[in-house]
Each structure stands twice: as C-alpha cells, then as structure tokens.
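I opened a new notebook page for this structure. These entries keep to what I looked up, one topic at a time.

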Amino acid sequence: MIPALFVLAYLAIVLYIGIFAFRRSGGPAAEDFFLAGRSLGPWVFLLSLFGTHMTAFAILGSSGHAFNFGIVTYGLMASISALVVPVCLLFLGTRLWSVGKRFGLITPVQIFRDRWECGHIGTLIFFLQAALLVPYIIIGVMGGGTTLSVISGGFIPFWLGGLLVALVVMSYVFFGGMRGTAWVNTFQTVLFLGFGAIAVTLIGQGMGGFTSVTERLLNNPATASLLTREKFSLTAFLSYTFNPLSAIAFPHIAIFCLTARKVTQFKRTVIFYPICILLIWLPCVYLGVAANQATDIPAIEAKIEARAATGRPVPGDDVMLQLLNRYAPGWIAGLLGAGIMAAVMASDSQILALSTMFTEDIFAFYGGKARFGESAQIFTGRLFVILVTAFAYFTALNAKVAIFDLAVQYAFAGYAAMSPLFVAALCWRGSTKWGALAATLFISAATVALYFLPRGFTVAGFAPVVPMTIISAALVWGVSLLTPKPSAATIHRYFPPASV
Amino acid sequence: MKNALAWLAIGALLLAHQDWWNWSTAYPLAFGFLPVGLWYHALFTIAAALLMAGLVRWCWPSGLERDE
C-alpha cells in the first residue's frame, strides 16, 4: 500500500503544477491556452516533447511485448524511432513551427486549409485525426488503471485507478492548458529518467544479477529464443520501420512543434531524442524479457503457465510493475511507480490536442469564435476535454486488447499513412487539396477495413502500415499531378524564393 | 551535395537497422548479459544521435530563423 500512497502523492503534485501553470498564464487568449503562447524554452521543449511522445505504450506496452516476444521489441519500436522521429522533427517539425509562427496557425488542419486553400477537406482530415487519436488516449487510461491496481496490490481496483488518472489529467489540462501540460510532462520525464536507473539496478540485484538472469534465460529451452529475434520474421521487422513516421502526424506532436519559442530549440531536441529513447526503452525491454525468470511472482508464473498451455501471447502490460512490487523496497517502488505513472499519463497532451483541434478546426472555423468570442472558444475547449476524457475512460473499462496491440493496430498505421500529407504540404509546391483528399479517403477506408480484418493481417508478409503508407503517398503524388494547384500567391507564401 | 550526403547517411543507417546477421543468435553478450540483438541496437541508437548532431550542424533547414 505504501507504493500506492507515493503514487497518489505524485498525482497531487502534478495537479498542483497544472494549476500553478494556470495562474501563470497571461489571460484567456486562445494561443496562450492551446500553445503556451509559443514560449517554451529549450529544455522544457525537449523534455516535454519527449514526455508527450513516450506513453504507457513505451513503458508498460514495451515490457509486456518483450515478455512475450523477447528482445525484438527494442529494434521494432525504439531504435528505429531514434532515427526516424528526429529526422521528421528536423525536416518537418521545423517547417511546421515556421508556418505556424508566420501565419498564426495552431493546428495541422489550419495549416492544410491555408496551404491548399480548402475548407471541408480540412474538416475530413480533422475527423480522421481525431478518430485515430482516441485509441491512444484510451491506452493512457488503461495504463493508469493497471499501474495503480498492481502497485497497490489490488487494493485500488482497475476501474478506480483509471478514474483517478483520468480525473487528474482532465483537471490539469482543463486549468493549465498547454503550459500546464508541458510543465507536467517535463517533471514526469525527469522523474522517470532519474528513477528508472535505480529501478533497473534494484530489480537486477533482486533477481540475482543481470548476468545470472541472462544465463538462466539462455539455459532454459522455453526462454532462450527470447534473447534472439527468431519469433519475428524479417518482413515484419521491416514493416515496423514505417511506424515512427506516425510521430509527425500525431496531432499532439505536430501541435507541440508550434510551442517552441525559437526554431533553434529544435536542435537540442533532435540530437538528444535518441539518447532519451535509449535510456527508457532499453531497460524496459530487458526487464520485460527478464520477467520470464521471475517465477517466484505468482502473477508472472500464472502468465508463463498460460502461455505454455495455449502457445499464444498473454497479457503482459503489468510485468514491469510486478517486478517492481516484488524486488524494490516499498518507498522506492512508490517513487518508481510514480515514474511509470508519469509516462502513462502522457495522454494529457493528446486530450489537449483533440480539444485544440475541435475548437480551432470546427468551432472557430464554422463561425463559433466570431459569433461568441474567444472566451467561449476556450470554454468549449475545456468542455471538450471533459467529454473526451469521459469517453476514453468508459471505453478503457471494456477494452480487451493489450496496450501494444491497440497502439500498433490503429494509431500507428493510420498516422504513418498520414505522414505523406505533411511532407506534401510543407515540402512540395505541386501538392493539391485533391491529392490530400484522395489520401485521406483511402486512409479512412483502410482503417475501417483494419477493424474488421483479423489481427495479424499482412500483405505479402508486410504489416498493413506498409501498403497504407505507400498507397497514401502515391495518391497524394499522383492526384496532385493531375489536379489544379493552389494560387501562386499561396505557393509563394509557403515557398518564398529564398527557401530550400 | 550536403543534402545528398545526409540522405545517403540516413539510408545507410536504415539499412544497418535490418541486421539479419544477428537474427538467430544471442552471442556475443555485452557486459556478460546483454544479447547482441540488444546491444547492437543500443549502439545503433547512439549512432543515430551522432548523425542527428551532424545533420543539425551541416543540414539545418536554412532561412527558418527569420521567423523567430
């Protein structure tokens, strides 16, 4: 119960930070609430952007996946993200920042509408982005419920843990907006990076040392393959190369790119992003694999037996927490549980992003802001925060899919397929709204089809993300070639003669 | 020229990510416990950070500072 008290204290601290940020904000201006007045400094920008991107998926999902499939998890998601995500931030994130700053734009859809001189096509893109983001928010609530339930030894049930996390996140997003969210994310990232190293050391010692753990894994025929990548095909591994393209198309990441005070603040973020990934993912993946030797933990032994009996992967999202509860002293387990909770609660920026998109792309675009004023716009944004959180919570209560699967199946595939829209809008003068429309309609249809197709569906051995991204890019390119371009004035604004 | 080299380096790292030659073995172990499939990709991650430092130094998108 002591660890749970630490986690509850942590929740109170982040709530305070959010409200503190609210007090510091300069007034009801929409740009201040939704973008922290485009004023984030270099370290806050790095740590909060990283904290925003690393979610329950990174901590609980990765160790759960590694528990079932082994070390392949690191190469599948972490190392490839360490290359692709910073490249996207460098070549696309900086351009997003630039056009957002120059033209006073807040959301990706606003940029698309302005760049391609379209209205309702932007609305369609909004609905697609919003629909793809909801599963990710659900992941956060599920992760919160799992964390509190395990860390309290079942004293706090899943439904109550998820509810507490949802309420805390909702409150500081409601009051603090982007500034509160950014400061909370910064605090969370520092906490997790700081205590993560202690967690790994303690758990390693508790299990008899890492060398001993690896030896036992290698000597057991049932677990030796977890230290290789035999359980995964090369084509499946290659497919995952496409997933990190989703980063720039995630609304919360794209919107976050607009919060930097200066474009030069991207430099530090781009360079240190891979190191942050290494520090978080490597321990999580190794510990997920090592959990297969923790047969003295009844919950883990039951999972191993169930997997052996059925031959199928078992839900493993809680293995990291089980290790923590078993091998770390109570107060340290509490601090580390709070650190895990920190990563889990990255759903805050996603909820804020949805709220920002709704108020800017729908409410303001269709006349709400002009008719009712900016205060009403922010009120609408806050109301939307409550509605989205409530929806995510009640859906999470009934979700049966593992965190990793939920993220990969819908969010990553859909957003990766949307990345060609960003490349086209920001880097290609010849792109048109009709190309964007064709790609958006295709991605929508493919995502719906994905829902009905069996899990693990592949195309010639490749995961759906591969054909979806390639076809989406081909549609943007091909249809744009055949359709009329935006006005010369707009193209000139986005690609002034001096630009590369 | 600089941009072409940058994309070449990114392509080379993408290729290096598909390390099929390490696929079915855990050896050699690093520090006595990290299987090759993990430490190779940990090194890959560090290489990515070094490449990013190079890209920021030599391929920073020009002209964006005017908007600061």
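Before starting, I noted what counts as a helix here: a DSSP run of H or I with at least four residues, numbered from the N terminus. I also noted that this is a predicted model.

**Entry 1. Ala416(A)**

I looked up where Ala416(A) sits and found it in helix α20 of chain A, which covers residues 403-427. Is Ala416(A) buried or exposed? The cut-off for buried is 20 or more other C-beta atoms within 10 Å. Ala416(A) has 27 other C-beta atoms within 10 Å, so I put it down as buried.

Leaving out residues up to four places away in sequence, I listed what Ala416(A) touches: Phe242(A), Asn243(A), Leu245(A), Ser246(A), Val465(A) and Thr469(A). I also checked Ala416(A) against Thr214(A): the two are 202 residues apart in sequence, and their C-alpha atoms are 35 Å apart in space.

**Entry 2. Helix α3 of chain A**

Next I took α3(A), residues 42-53. This helix has 12 residues and reaches 17 Å from its first C-alpha to its last, close to the expected 16 Å. I found 10 of the 12 residues of α3(A) buried, so this helix is largely enclosed by the rest of the structure. The buried residues include Val44(A), Phe45(A), Phe50(A) and His53(A).

What do the buried residues of α3(A) pack against? I wrote down α8 (158-206), α11 (246-249), α12 (251-256), α13 (265-290) and α17 (347-364), which belong to chain A.

**Entry 3. The largest nonpolar core**

I looked up the largest nonpolar core and found 186 residues in it. Cys88(A), Trp281(A) and Val289(A) have the most contacts inside this core. The element that gives the most to this core is α5(A), with 19 residues.

I followed one of these residues further. Not counting residues up to four places away in sequence, Val289(A) touches Ala66(A), Phe67(A), Gly70(A), Ile71(A), Leu217(A), Leu226(A) and Leu227(A).

**Entry 4. Chain B as a whole**

I turned to chain B and counted its secondary structure as 2 helices and 0 strands. The C-alpha trace of chain B spans about 50 × 20 × 15 Å along its principal axes. Its radius of gyration is 16 Å, whereas a compact globule of 68 residues would have one near 11 Å. Buried residues make up 26% of the 68 residues in chain B.

For confidence, I noted a mean pLDDT of 92 for chain B, with 97% of its residues at 70 or more. For the complex, the predictor gives an ipTM of 0.96 and a pTM of 0.89.

**Entry 5. Where the chains touch**

I counted 34 residues from chain B and 43 residues from chain A in the contact. On the chain B side, α1 (2-17) and α2 (36-58) each supply at least two residues. Which of the elements gives the most to the side of chain B that touches chain A? I found that α2(B) does, with 13 residues. The residues on that side of chain B divide into 21 nonpolar, 10 polar and 3 charged.

**Entry 6. Helix α2 of chain B**

I then checked α2(B) by itself. At 1.5 Å a residue, its 23 residues should span 33 Å, and the end C-alpha atoms are 32 Å apart, which agrees. Among the buried residues of α2(B) I noted Leu38(B), Tyr40(B), Phe44(B), Met52(B) and Leu55(B). The buried residues of α2(B) pack against α5 (72-103) and α13 of chain A, together with α1 of chain B.

How values were computed: Residues numbered from 1 in each chain as written. Chains lettered and ligands numbered in written order. Predicted model: local features only at pLDDT ≥ 70, side-chain atom pairs only at ≥ 80, totals over all residues. Expected span 1.5 Å × (residues − 1). Contact = placed C-beta atoms within 7 Å. Nonpolar A, V, L, I, M, F, W, Y, C, P; charged D, E, K, R; others polar. pLDDT = per-residue confidence, 0-100. Rg over C-alpha atoms; globule rule 2.2 N^0.38 Å. Core = buried A, V, L, I, M, F, W, Y, C linked by C-beta atoms within 7 Å.
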